[in-house]
Amino acid sequence: MTAVESIPGVVEDLRAGFRGGALHEVEARAGQLRQLRLLLVEQEGRLIDAVVTDLGKPRIEAYMAEIAGTLSEVDEALKHLESWNKPQKAKVPLPLKPGAGRLHPQPLGTVCIIAPWNYPIHLLFAPLVPALAAGNTAVLKPSEVTPTVAALIEELVPEYLDKRIVSVVNGGVAETTKLLEEQFDHIFYTGNGVVARVVMAAAAKHLTPVTLELGGKSPTIVAADANIKIAARRIAWAKFINAGQTCVAPDYILVEDGVEEELLAALQATITGFYGDDPQASPDFARIVNERHHDRLTALLDGGGYETIVTGGSYDRTGCYLAPTVLAGVEPDAAVMSEEIFGPILPVLKVGSIDEAIDFVNERDKPLALYAFSASDAVLDRIVEHTSAGGVTLNHALLHLAVPDLPFGGIGPSGMGSYHGKAGFDVFSHHKPVFKKGIRPDPTLTYPPYTKRKQNLLRKFI
Ligand code: NAD
């Protein structure tokens with residue numbers, strides 16, 4: 001835990017690091033990115049151990065999301081570092097010639113990155129990568145909900161990264177509140193919408209721009225012509241990885257009339273295939289992060305508003321276990337439909353048509369992600385065209401966030417701003433417009449006195 005009174009000093013040191021030009025040279029940025037890479041590679045075992053301790057994740061899930069997913073962001077940034085940082089030429093209109101225009105990327109300064117607990121390493125370091133690539137110094141605030149990871153990050157970051165460039169502040173509400181009193185050049189927050197409002201209000205005091213990576217209920221539409229077996233497998237994988245504690249996990253399914261029974265049977269068979277008859281004994285199924293979230297999830301189950309539990313429903317509070325659960329005959333006003341589930345409960349709702357599914361989505365908050373399964377491109381196009389969401393994967397789930405050229409972020413209540421790849425670099429850069437004029441010629445046409453002749457010429461040429 002960072003002492004509250006030391007926080008202003010931590011931020012001041014980072015500001016001094018920025019002013020002192022610690023990351024002025026692109027090579028210095030590459031150096032810090034390579035150090036971050038080294039941290040992830042050399043400390044992989046300890047990092048995964050910490051995630052397993054805090055979240056009970058299967059090791060391979062921790063490796064894929066926390067280590068490999070972050071390394072690919074680092075490698076993408078290293079690969080494009082030179083070209084991203086190169087000024088881009090701008091076209092100059094004829095009346096302003098001779099002259100040269102360019103967009104000159106510059107770092108913002110000192111930024112604050114606040115991360116949540118569900119992917120506690122990736123969601124802290126993935127925004128740090130573009131922040132460093134763009135030349136910013138940064139304070140990192142890991143989630144206190146995953147304390148083993150937070151403590152390890154506090155230990156490792158100063159070992160690998162330059163203290164003038166990156167610092168860690170650990171703690172909960174008191175420490176983060178103090179941190180947010182500081183004036184940053186950008187705040188990058190990932191987490192829930194309630195805290196996002198606190199972050200944005202604090203940022204407003206200094207007119208600091210924010211990126212808010214939030215959550216919401218991501219719908220999954222299954223059309224009657226979809227390959228149901230493959231759809232069930234892909235949805236179950238995306239839903240139950242990390243026990244449903246993924247911001248872009250399919251929150252609920254809207255299945256078109258006629259294939260509901262087939263889909264429910266396929267989901268049930270898939271879950272047994274993935275985790276066996278007793279998922280609690282499976283090494284491949286994660287746990288709920290803590291008892292508070294476990295209580296929240298079981299309350300959603302107890303809230304009713306559905307006909308049957310197709311599979312799952314059992315839980316063990318002390319072990320923070322909740323079985324992969326599929327609910328059928330779910331009413332739109334069921335408890336599980338009242339908030340983002342963020343756990344291994346999958347409600348299935350029947351709709352009469354694709355248009356009904358589209359209306360259902362549009363009557364609710366704009367989601368972070370939307371998924372649709374259909375054999376027909378026309379159906380998929382119609383869904384994309386007539387709904388709004390932060391991002392979309394068609395005939396699979398989650399995967400749009402793994403494509404570096406597809407910016408990842410929400411819309412409306414699911415967030416503002418986006419990152420990954422070049423989009424992240426742009427978040428942490430000011431693309432400063434610069435126009436350079438030649439000294440000669442210097443025609444007097446635009447200078448006073450505005451004679452009749454000059455006015456006529458100006459009207460003609462401009
Ligand atoms: P959390 O409880 O760890 O909180 C996130 C961060 O906010 C933490 O660092 C915490 O210290 C800080 N915080 C908490 N209360 C605060 C306060 N009053 N003032 C200032 N800071 C405060 O995580 P969470 O919010 O439970 O995370 C889950 C949510 O995040 C879900 O809604 C999920 O969908 C969303 N999420 C979004 C993404 C994304 O990329 N869009 C990724 C992961 C999670």
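## Salt bridges in the predicted model

R46 is partly exposed, at a relative accessible area of 39% (buried means under 20% relative accessible area, exposed over 50%, partly exposed in between, with a 1.4 Å probe and protein chains only). The side chain of R46 forms a salt bridge with that of E155, at 3.1 Å from N to O (a salt bridge is a side-chain nitrogen of Lys or Arg within 4 Å of a carboxyl oxygen of Asp or Glu). R46 lies in helix α3 (residues 44-55) and E155 in helix α6 (residues 147-160), so the pair links distant parts of the chain, 109 residues apart. Helices (H or I, at least four residues) and strands (E, at least two) are DSSP runs, numbered from the N terminus. E155 is partly exposed too, with a relative accessible area of 36%.

This is a predicted model, in which local features need pLDDT of at least 70 and side-chain atom pairs count only at pLDDT 80 or more, while totals for chains, interfaces and linings use all residues. Residues are numbered from 1 along each chain as its sequence is written, and side-chain values use heavy atoms, with hydrogens and water left out.

K141 is buried, at 2% relative accessibility. Its salt-bridge partner E144 has its closest atom 3.3 Å away, N to O, and is partly exposed at 40%.

In the pair of E260 and K350, N and O are 3.9 Å apart. This bridge joins helix α10 (residues 260-275) to strand β14 (residues 345-351), across 90 residues. E260 is buried at 12%, whereas K350 is partly exposed at 47%.

## Network and total

E12, R15, R19 and E182 belong to one network of salt bridges that share partners. The count comes to 19 salt bridges.
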